[in-house]
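Please keep the sequence and the structure in view while reading.

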Amino acid sequence: MATTSILVISALVFVVVIATLLSAVEIVNAYEKRALTVFGEYRKLLEPGINIIPPFVSRTYKFDMRTQTLDVPRQEAITRDNSPVTADAVVYIKVMDAKKAFLEVDDYKKAVSNLAQTTLRAVLGDMELDDTLNKRQEINAHIREELDEPTDEWGIRVESVEVREVNPSKDVQQAMEQQTSAERKRRAMILEAQGERRSAVEKAEGDKQSQIIRAQGEKQSQILEAQGDSISTVLRAKSAESMGERAIVDKGMETLSEIGQGESTTFVLPQELSSLVGRYGKHLTGSDVAEGDGTLESLDFDEETRELIGLDDIAEIIGEIDEEADMDIEAMEQQAQAIKEGKDAANITDPDAVIEEMDQEFGGDAKGEDD
């Protein structure tokens with residue numbers, strides 16, 4: 001009997017010792033702090049790690065030192081322009097002083113959430129409906145400013161406030177949708193009208209440019225045609241002049257031949273005929289050479305006769321006659337046609353310049369004849 005009592009007492013003592021040890025040891029996590037009270041009196045904050053506290057008479061209160069998220073329930077508010085809206089938000093807080101959070105406020109999470117709800121309604125009530133929908137960042141900043149001062153007394157820091165949704169009432173939403181639809185239709189009509197106007201302007205501008213280009217083309221074509229006709233006329237005149245001079249030369253040579261066949265040995269030659277003989281001495285080749293021993297040799301003339309007929313300059317005279325007489329009439333016609341068709345625009349000259357050149361040339365010839 002005594003043995004049994006001893007065993008029971010021993011067991012009770014062991015249990016008491018284990019319970020005392022467990023009650024005297026407090027393990028605090030790294031991300032938290034705990035407030036210690038002994039007989040209801042605040043003693044201190046327990047730091048992370050193993051802490052020894054008075055057993056059976058101590059009590060601890062845990063505080064998470066990490067950033068915490070608080071959901072603010074959906075709130076109804078009336079804006080300054082009497083439009084009902086609903087909004088909800090998220091508040092991010094962090095315990096900065098666990099002693100204040102323990103001693104100054106009953107439940108800091110609930111206190112911050114209720115304060116955020118009232119502040120959200122107050123901020124929305126001071127704004128117009130359009131501002132509540134468009135100025136989300138200003139709402140967040142304003143709510144945070146309103147929460148900073150009271151939460152600082154509780155040892156809590158409000159790190160951020162984010163308003164998630166601001167929704168007007170259904171009637172307001174329908175009116176806004178109708179307004180948006182009307183605005184879109186108005187913009188569509190304006191854009192369509194502007195497009196038609198721009199198209200008409202572009203078309204008119206295009207027609208104007210086309211007419212200008214067409215007129216310029218017709219003007220250029222007329223100018224080229226006139227230039228072609230003018231140049232063709234000039235070339236034909238020059239060709240006719242050259243052919244006329246050659247005919248005169250042939251006729252003069254025939255006359256000289258007839259004179260040479262006469263019996264008289266004394267001739268009186270006009271000055272014009274002497275000049276003609278000097279210029280076109282090439283045609284004297286039938287009478288100023290004689291055949292001897294199978295070769296052609298020049299007859300002897302005295303110095304006065306050689307100087308009179310210009311025999312010493314016969315080679316130069318023959319070259320000039322070849323250049324002036326052997327004109328390619330067909331080539332000149334082709335060149336004139338090409339100029340007329342605008343194929344040789346690089347060589348086209350001003351018609352006035354061509355006419356002026358013709359006037360000077362024909363005027364000079366006429367003056368020479370009068371002299």
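## Asn 167 and its strand

Leaving aside its neighbours within four places in sequence, Asn 167 is in contact (heavy atoms within 4.5 Å) with Arg 74, Pro 84, Val 85, Thr 86 and Gln 173. Asn 167 belongs to strand β8, where strands (E, at least two residues) and helices (H or I, at least four residues) are DSSP runs numbered from the N terminus. With a relative accessibility of 27%, Asn 167 counts as partly exposed; buried means under 20% relative accessible area, exposed over 50%, and partly exposed in between, with a 1.4 Å probe and protein chains only. Although Asn 167 and Ala 87 are 80 residues apart along the chain, their C-alpha atoms are separated by 6.3 Å.

Residues are numbered from 1 along each chain as its sequence is written. The model is predicted, with local features needing pLDDT of at least 70 and side-chain atom pairs counting only at pLDDT 80 or more, while totals for chains, interfaces and linings use all residues, and side-chain values use heavy atoms, with hydrogens and water left out.

## The sheet that contains β8

Strand β8 is part of an open sheet of 3 strands in the order β6-β7-β8, with antiparallel pairing; two strands are taken to pair if DSSP finds at least two bridges between them. β6 and β8 are the edge strands, each pairing on one side only, and neighbouring strands of this sheet are turned by 20° against each other on average, direction ignored. That angle is taken between axes, which are lines fitted to C-alpha atoms (for helices over the stretch in contact), with angles running from 0 to 180 degrees between N-to-C directions.

Strand β6 (residues 68-78) is joined to β7 by 9 bridges, and Glu 76 has Thr 86 in β7 as its bridge partner. The hairpin of β6 and β7 has 5 residues between the strands, and Asn 82 takes a positive phi near 60° there. On the other pairing, 11 bridges join β7 to β8, and Val 95 has Ile 156 in β8 as its bridge partner.

## Two helices over this sheet

Both α3 and α5 are set against these strands: α3 lies across β6, β7 and β8, running at about 35° to β6, whereas α5 lies across β7 and β8, running at about 140° to β8. In the table, the expected span is 1.5 Å times one less than the number of residues in the helix.

| Helix | Length | First to last C-alpha | Expected span |
|---|---|---|---|
| α3 | 18 residues | 26 Å | 26 Å |
| α5 | 18 residues | 27 Å | 26 Å |

The buried residues of α3 include Tyr 108, Ala 111, Val 112, Ala 116, Gln 117 and Leu 120. Gln 117 counts as buried because its relative accessibility is 15%, and, not counting residues up to four places away in sequence, Gln 117 touches Val 72, Pro 73 and Gln 75.

In α5, the buried residues are Ile 139, Asn 140, Ile 143, Leu 147 and Thr 151. An α-helix has 3.6 residues a turn, so residues three or four places apart point the same way. The buried residues of α5 pack against β7 (84-95), α3 (108-125), α4 (129-134) and β8 (156-168). Leu 147 also marks a kink of about 35°, shortly before the proline Pro 150; the bend at a residue is the angle between axes fitted to the seven residues ending there and the seven starting there. Just after α5, Gly 155 takes a positive phi of about 80°.

## A second sheet and the whole protein

Another open sheet of 3 strands has the order β3-β2-β5, again with antiparallel pairing. β3 (41-46) and β5 (58-64) stand at its edges with a single partner strand each, so one side of each is left without a neighbour in the sheet. Neighbouring strands here are turned by 25° against each other on average, direction ignored. Strand β2 (residues 32-38) pairs with β3 over 5 bridges, and Arg 34 stands opposite Leu 46 in β3.

Taken as a whole, the protein has 11 helices and 10 strands, and 26% of its 371 residues count as buried. Among contacts with a separation of 6 or more, 68% are between residues 24 or more positions apart.
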